[in-house]
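Hi,

Here is the model I promised to pass on.

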Amino acid sequence: MTKTNDDTAQKTQVTPLDDSPDWTFDLLGQYQQEIARVADFYRLDTYTNQIEVITAEQMMDAYASVGMPIGYSHWTFGKKFIQTEQNYQRGQMGLAYEIVINSSPCISYLMEENTMTMQALVMAHACYGHNSFFKGNYLFKSWTDASSIIDYLLFAKNYIAQCELKYGISDVEATLDACHALMSHGVDRYKRPQKISLDEELKRQSERAEYLQSQVNALWRTVPKKAEKKHEKKNIFPKEPQENLLYFIEKNAPLLKPWQREIVRIVRKISQYFYPQKQTQVMNEGWACFWHYTILNHLYDEGLVTDKFMLEFLHSHTNVVAQPEYNSKYYSGINPYALGFNMFIDLRRICEHPTEEDKEYFPEIAGSNWLDTLHFAMENFKDESFISQYLSPKLMRDFKLFHIHDDSDNNYVEIGAIHNEQGYKKVRHNLANQYNLSNIEVNIQIIDANIDGDRALTLRYTPHNGVELGESKNEVLKHLHYLWHFDVKIVQEMKSGEDKIIASCPQKNKDD
Amino acid sequence: MANFIDRRLNSKNKSTVNRQRFLRRYKNQIKKSVSDAINQRGVTDIDSGENIIIPKQDLSEPIFHQGGGGIKDRVHPGNDQFSPGDKIPRPPKQQGQGAGQGDASDSGEGDDDFTFSISKEEYLNLLFEDLELPNLEKNQLDKMIEYKTVRSGFCAEGVASNIDIVKSLQGSIARRIAMSASKRKKLKQLEQELLVLSHDKHDHIQQERALRLEIETLKSKIAKVPFIDTFDLRFRNYAKQAVPTSKAVMFCLMDVSGSMDQATKEMAKRFYILLYLFLSRTYKNIDVIYIRHHTQAKEVDEHEFFYSQETGGTIASSALELMNDIICERYNDNQWNIYGAQASDGDNWADDSPRCQTILEQQILPKSRYFSYIEITQRAHQTLWKHYQKVEESHSNFAMQHIKSVADIYPVFRELFKKNTQSVA
């Protein structure tokens with residue numbers, strides 16, 4: 001058991017909380033109160049908690065709908081539910097102990113089957129760890145609006161249900177399929193999105209539908225006139241490449257029906273809402289793990305929880321933050337819980353007990369107030385920048401990190417750097433890059449809609465480090481074509497400098 | 001700071017809609033899987049749910065993702081042997097890059113097909129979708145012999161045990177309102193007058209007394225309206241409704257002469273099983289009678305029917321005769337729904353075929369709901385087929401189909417029981 005700050009935990013005679021395995025609502029309340037008190041002590045600022053106790057089946061439901069508490073109906077959620085249910089029944093996976101939703105009030109789910117210890121862990125982890133992260137981190141602050149998301153999801157569910165009644169399940173499903181295929185390209189990466197508000201959505205929705213349609217019509221009405229001008233100069237539309245494909249479709253697809261535009265918008269908004277979560281997986285989980293660990297240890301030091309409680313807690317905790325090594329059969333990449341948790345623990349160590357090495361690598365934070373430093377780190381970084389800022393040599397040694405450079409031109413892979421003095425910066429740099437979404441996600445942008453001609457849509461794929469676009473491109477293009485209705489194609493600049501069409505829909509022969 | 005909400009009692013099966021959407025979307029694949037299964041799997045345990053296998057690529061939801069090639073830099077934990085600059089031969093495909101795609105596809109652990117089970121109900125629904133029992137409507141009315149007691153409204157007379165309290169009291173309230181309405185109106189009016197008088201400065205002793213008396217009389221009259229009257233009583237009414245009998249008997253007739261080999265019998269067996277399953281969706285109790293024949297017919301048990309070897313010539317009429325005898329003896333056609341299914345390789349003693357036609361037309365078909373004949377052969381049709389064709393032309397409850405291979409069975413079965421079978425009669 002690591003010790004918490006000596007000055008924070010004064011050992012007084014207190015009666016420990018009941019540590020019997022079965023939980024009751026009374027007991028939950030008592031634990032919650034203590035956890036809240038400690039969280040407050042560590043300056044964790046949270047949204048009000050709404051803690052919901054649910055059954056395993058409901059947990060699978062929540063799983064299947066990617067953590068959205070209110071999801072619209074779609075077959076893909078059914079598929080996920082079946083998968084989850086099967087894996088669960090076969091014992092291939094345990095369910096997550098909790099799911100927490102970035103909303104205000106912050107909704108977290110506790111599973112009925114958990115023991116009291118687990119419920120306490122989950123409350124500390126989700127209701128105070130994740131919750132404070134949602135409220136404090138700059139990405140969440142500026143890109144999501146926690147107070148309106150539940151309303152918006154409800155609106156989306158109802159709207160889509162209505163569309164199904166009006167226009168048939170098949171059409172709605174096809175539209176949603178197409179949107180889902182492009183979902184990760186429905187995000188504004190640089191421009192801050194407008195807040196979504198239910199009232200406004202409802203008020204403006206019909207208005208917007210009509211307006212958008214008229215805009216689109218107007219846009220295309222100019223086509224014949226322009227054609228008469230004998231192509232003096234080619235009109236490029238959009239003027240600048242557009243990377244938010246769904247946004248472009250919503251605003252410009254000529255033959256899309258108004259309700260389809262609204263669905264595109266819904267998917268786009270939801271995608272945008274989840275975008276910060278994608279960027280802060282390591283930090284978010286690490287922060288939550290750090291706090292459940294710190295808070296429960298604090299309670300232990302105060303004598304509020306018993307040894308029995310702590311043993312069970314540590315057992316679960318250790319499982320969660322375990323990092324299998326690269327040659328283990330359990331290895332499936334770096335465990336974000338492990339990395340994040342250890343980085344925050346390490347950060348605290350650097351503040352409290354800096355070594356010479358730390359002072360060299362982190363002159364500003366070595367010896368500083370750890371709580372200030374941790375809060376600052378949580379508030380102002382995302383995974384990529386967090387790692388490149390705070391991953392210490394000690395942690396790299398502990399994890400025995402090594403870097404593999406894999407160039408497909410060679411028939412071997414090369415060890416680029418390992419956890420030694422020469423390699424620290426390189427390993428850190430590469431690990432940070434591994435969490436840079438713009439390296440992971442495909443860079444694909446709309447460059448031309450050929451409004452003077454056949455309205456064929458051209459997209460440009462810009463490879464990152466020469467990595468090709470995956471096989472699924474033709475399938476995705478079919479979905480894009482469904483929304484755009486006219487030809488679509490993807491071009492890529494070859495090494496020779498000319499553009500080559502790498503995929504098109506309807507599919508043409510490569511000679512075309 | 002925190003509210004606890006107990007959601008455990010919230011409606012379950014929130015994802016049922018999504019499951020149905022899923023089944024709906026993959027209906028074609030699932031149907032294919034179902035019909036594959038019926039042709040491939042063992043026949044004994046067919047009366048259960050089914051594992052549905054859908055190729056994973058059919059289910060995938062495509063997104064743009066990075067493919068092969070180019071330069072990839074990855075960081076892994078647990079270095080135990082590497083130094084900078086080590087060159088390692090590229091690991092076999094996919095293995096080494098697995099970690100790289102870990103984020104992208106948490107559901108894509110392997111390239112196995114997507115397998116899941118559907119319930120027996122869902123399975124049978126898919127298996128027999130768009131199929132119906134022929135002639136069910138047409139014959140139903142003349143053959144109803146069983147009665148079921150069903151609720152049919154209310155009546156004013158009946159036995160005490162059938163009193164419907166709610167209906168009776170509703171009647172009572174209505175009657176009391178109706179019988180006292182005019183009196184109440186009067187009463188109200190009188191009370192009003194009394195009030196006016198009593199507020200008047202002058203005394204109206206005489207008048208008041210008269211009014212009071214009148215009010216008393218009215219009140220007692222109102223009170224005399226009985227709370228409940230025999231007139232109010234309502235009794236639950238029951239009627240006898242004729243229902244089609246839920247008993248069915250299925251005759252399996254099969255040629256076991258030397259020309260029928262085990263493979264052919266297996267095909268016939270599959271057909272019988274399908275028929276049995278199909279009937280079991282409509283009828284609660286089904287008797288199955290197995291009749292096998294070469295030159296003579298014999299009623300046998302299931303095992304003998306399918307697996308014992310016989311040799312000899314073929315006289316199909318013997319089986320039909322036996323079937324007719326059994327019907328007369330044990331299965332009164334007023335109480336049993338009779339279905340017949342005959343399987344043969346088409347061989348028959350030429351002189352016997354007209355006789356088969358006669359027995360069918362005169363004896364069996366009038367009593368049967370449906371009689372199907374399947375011919376399992378690769379060769380040209382013979383006399384039996386030709387005579388049966390004549391039967392088919394004149395009888396709507398007779399159908400025949402030709403099966404060449406195992407794969408035909410399910411389609412042929414569907415063909416036989418297709419919805420809206422055109423009625424030739």
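Which strand of chain B does strand 5 (residues 412–418) of chain A join, and by how many bridges? The partner is strand 4 (residues 87–89) of chain B; the two run antiparallel and are joined by three bridges. Strands pair here if DSSP finds at least two bridges between them, and helices (H or I, at least four residues) and strands (E, at least two) are DSSP runs numbered from the N terminus.

Before you dig in, some housekeeping. This is a predicted model, so local features need pLDDT of at least 70 and side-chain atom pairs count only at pLDDT 80 or more, while totals for chains, interfaces and linings use all residues. Residues are numbered from 1 along each chain as its sequence is written, with chains lettered from A and ligands numbered from 1 in the order in which they are written.

**Where the chains meet**

The contact draws 83 residues from chain A and 52 residues from chain B; "in contact" means C-beta atoms, placed from the backbone, within 7 Å. On chain A's side, helix 3 (residues 75–89) gives the largest share, nine residues. That side has 33 nonpolar, 35 polar and 15 charged residues. For the classes, Ala, Val, Leu, Ile, Met, Phe, Trp, Tyr, Cys and Pro are nonpolar, Asp, Glu, Lys and Arg are charged, and the others, Gly among them, are polar.

**Chain A**

Chain A has 20 helices and nine strands. Of its 512 residues, 44% are buried, meaning that 20 or more other C-beta atoms lie within 10 Å of the residue's own (C-beta atoms again placed from the backbone).

Helix 4 (residues 116–136) of chain A is mostly covered, with 19 of its 21 residues buried. At 1.5 Å a residue it should span 30 Å, and its end C-alpha atoms are 28 Å apart, which agrees; the expected span is 1.5 Å times one less than the number of residues.

Helix 13 (residues 336–352) of chain A should span 24 Å and its end C-alpha atoms are 24 Å apart. Since 12 of its 17 residues are buried, helix 13 of chain A is largely enclosed by the rest of the structure. Among those buried are A:Tyr337, A:Phe341, A:Phe344 and A:Cys351. The buried residues of helix 13 pack against several helices of chain A, including helix 11 (281–301) and helix 12 (307–320).

Then there is a helix pair: the axes of helix 6 (residues 149–167) and helix 7 (residues 169–181) of chain A come within 7 Å and cross at roughly 130°. Axes are lines fitted to C-alpha atoms, for helices over the stretch in contact, and angles run from 0 to 180 degrees between N-to-C directions. A:Ile160, A:Cys163, A:Glu164 and A:Tyr167 in helix 6 meet A:Ile169, A:Asp171 and A:Val172 in helix 7.

**Chain B**

Chain B has an open sheet of six strands in the order 10-9-8-11-12-13, with mixed pairing. Its edge strands are strand 10 (297–300) and strand 13 (398–403) of chain B. Strand 12 (residues 370–376) and strand 13 of chain B pair in the parallel sense over six bridges, and B:Phe371 stands opposite B:Phe398. Helix 11 (residues 353–367) of chain B packs on the sheet, touching strand 11, strand 12 and strand 13 of chain B.

Cheers

How values were computed
Two residues are in contact if their C-beta atoms, placed from the backbone, lie within 7 Å.
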